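User: I am new to this structure and would like to go through it step by step. Could you take my questions one at a time?

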Amino acid sequence: MPINAENIFANLENVRRRSPLVHNITNYVVMNTTANALLAVGASPVMAHAPEEVEDMVNIALALVINIGTLSGHWVEAMFKAALRAKKKGIPIVLDPVGAGATPYRTRTVRELIQAVPPAIVRGNASEIMAMIDNLTKTKGVDSAAATEAALDSASHLSQQLDSVVCVSGETDYIVDKKNVAMIKNGHAWMPKVTGLGCTASALCGAFAAVNPDPFAATASAMAVMGIAGEIAAEKSSGPGSLQVEFLDALFNLNSAEIEQRLKMA
Amino acid sequence: MPINAENIFANLENVRRRSPLVHNITNYVVMNTTANALLAVGASPVMAHAPEEVEDMVNIALALVINIGTLSGHWVEAMFKAALRAKKKGIPIVLDPVGAGATPYRTRTVRELIQAVPPAIVRGNASEIMAMIDNLTKTKGVDSAAATEAALDSASHLSQQLDSVVCVSGETDYIVDKKNVAMIKNGHAWMPKVTGLGCTASALCGAFAAVNPDPFAATASAMAVMGIAGEIAAEKSSGPGSLQVEFLDALFNLNSAEIEQRLKMA
Amino acid sequence: MPINAENIFANLENVRRRSPLVHNITNYVVMNTTANALLAVGASPVMAHAPEEVEDMVNIALALVINIGTLSGHWVEAMFKAALRAKKKGIPIVLDPVGAGATPYRTRTVRELIQAVPPAIVRGNASEIMAMIDNLTKTKGVDSAAATEAALDSASHLSQQLDSVVCVSGETDYIVDKKNVAMIKNGHAWMPKVTGLGCTASALCGAFAAVNPDPFAATASAMAVMGIAGEIAAEKSSGPGSLQVEFLDALFNLNSAEIEQRLKMA
């Protein structure tokens, strides 16, 4: 099934119709906005991180999204438990390596996670993706310091090594697997001025992967939907405050004509 | 005092005038939006969960709201400590059993909590309320899977057993105690598309119970105010993003005429 | 360099141009809104609290903001580690003593923190500032119970004792150090109806202090920018919900003319 406007909309409609339960172990900063974005796109979000229950929650979920944005000991323990259970159950795992490269703890945790359980999808900015396999990269916090393009080599290696789809997001989003590369050029310059839209993108990858067995198509669809909703929102906004609000409305109301007219893909 | 528009507004004005301190031990997803809703309705929110301080915080609060949405070991310990202190002090406790039935950990925790300290008010969706006393119900995450009506039996039993007010919220909100049932039919279909409006309803129950010794009237008033503010907000919104913003403004500005004109109660 | 509209705008432009990484160890309620405010003002926020990584994060940051709003054992441990590292590295620390005086745990933690590592800047409301050095003050939760003016004595003593800038915020914001007092009279009555705008003010102090070696000028600039953005936002708002959104837009778009026309300082 080729990745085009028609199929992206079909994937979105699938999310809306099936409303998959997406289990998130994510960071404190974005929990509210991620849950709202999952609801707006039509999915059912649940946040749960206690080692006592993460396996039970995975058992009723259709996708697991792991985001290390505000990691700590007990949470990392829960991430491993949930990931192992998801692998056994056979539901897709999305990993968002927030701030990998910024501290050794983050880099180490991400590397141990992918070694224990290769995720179906990894989504990060250029420096985060590079830090996952390259000891030389310096990350400036959670912002992308390196050019997106320079991370493509890392993404390609990572994709080979893990047999995963790797998305390097930025002004252009690159979606890479062992055989394919897709580029989504939608989005707006204000989007990085809203905290957690990257985390939201990862959560949407989870929603789309929950209803589509092809993680490459799921990731490309999620990133296109993100970018297009962001563009529509930016046109109605006066800054990053209103963008965040309009983004949820745009996601909720997104229709086939908007995807058809706006999709910029290569 | 009958539950009608005039008295609901009088209760709201009481909250605004007395600005009760409401102590919340709640989930990460909704802390910000819950605090904002409590401020908008006129109350003073405080969030505190450390076992080192929850009893001291209860000591200065007029209501305690316990919400298990992202529970974990230390937090559950704090919930018990705070609840026991609140009982001893004699301030109302509101319990929101988020996701009860979704995992054994949640179900068990809620049942142990109500056994240790029967709350004044329990507010949940249909499947959560059923899971509190019924081992057969399956919850799909934190969304309501069962029809609200089917939970009324559970609510009635729970209300008898705990001598509590039980609110089953949904398209129609049912408020049940040992002798009475009230139905509030306000609200809007988009409200479940905003994360945490259920949690907000529980927090508002706490604010109203803090200034009204009758927990049945407090719960009915809080649910009516929620639903009416949600309706007003929806009329000014383009989707769930703007609904969340407009809801706070509607709550802040809610007047007696709006309650009079819109209240749908049986 | 005198504190006037021209220099406040120059400081803001410095934040925008240098986009300093501000490391926040803050409370769950405000993480999202604080991160968004830091992005809107032009800084780069990062939230990290694990003892395993806080020192590494301080190593790449230009300011550290510590906020005890939802403190607990492990977090307090991380606050000490991060503060000691920041002191050694020589970057400014901002302390927000949320709820000091409300519980002994908060009061004790804040006092131990300032004894171990005197911060460059302390920002709190009147009762919080008083609770830092005065055992007699009663705080009603996290709201200011005492008149701002009555806290000025405490602020002055605290400033002498720690060699810090102390900001007592309220209808008038007082910025105090050993030699100077500045008053900022900007802001709007709705601002306390949005949760976490005080915490946001502290975070902005961190952003300004990161690019300005004079903590008094940094604090006064941050508080002026907060108040002016709040006023602009309030004029476009219908209540605290829209105020929160408009505030981020106003912060993002703030220009020299707006500062020039609106600054109310003494």
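User: What distance does α10(B) reach from its first C-alpha to its last?

Analyst: This is a predicted model, in which local features need pLDDT of at least 70, side-chain atom pairs count only at pLDDT 80 or more, and totals for chains, interfaces and linings use all residues. Residues are numbered from 1 along each chain as its sequence is written, while chains are lettered from A and ligands numbered from 1 in the order in which they are written. Helices here are DSSP runs of H or I with at least four residues, numbered from the N terminus, and the expected span is 1.5 Å times one less than the number of residues. For α10(B), with 14 residues, the expected value is 20 Å, and the helix reaches close to that, at 20 Å.

User: How many of the 14 residues of α10(B) are buried?

Analyst: A residue is buried if 20 or more other C-beta atoms, placed from the backbone, lie within 10 Å of its own. By that test α10(B) is largely enclosed by the rest of the structure, because the buried residues number 13 of the 14.

User: Which helix gives the largest share of the side of chain B that touches chain A?

Analyst: Residues are in contact if their C-beta atoms, placed from the backbone, lie within 7 Å, and this contact takes 29 residues from chain B and 27 residues from chain A. On the chain B side, α2 (31-41), α5 (104-116) and α10 (240-253) each supply at least two residues. The largest share, 4 residues, comes from α10(B).

User: Which helix gives the most to the side of chain C that touches chain B?

Analyst: That contact takes 28 residues from chain C and 27 residues from chain B. With 4 residues, the helix that gives the most to the chain C side is α10(C).

Conventions. Contact = placed C-beta atoms within 7 Å. Buried ≥ 20, exposed ≤ 12 C-beta atoms within 10 Å, placed from the backbone.
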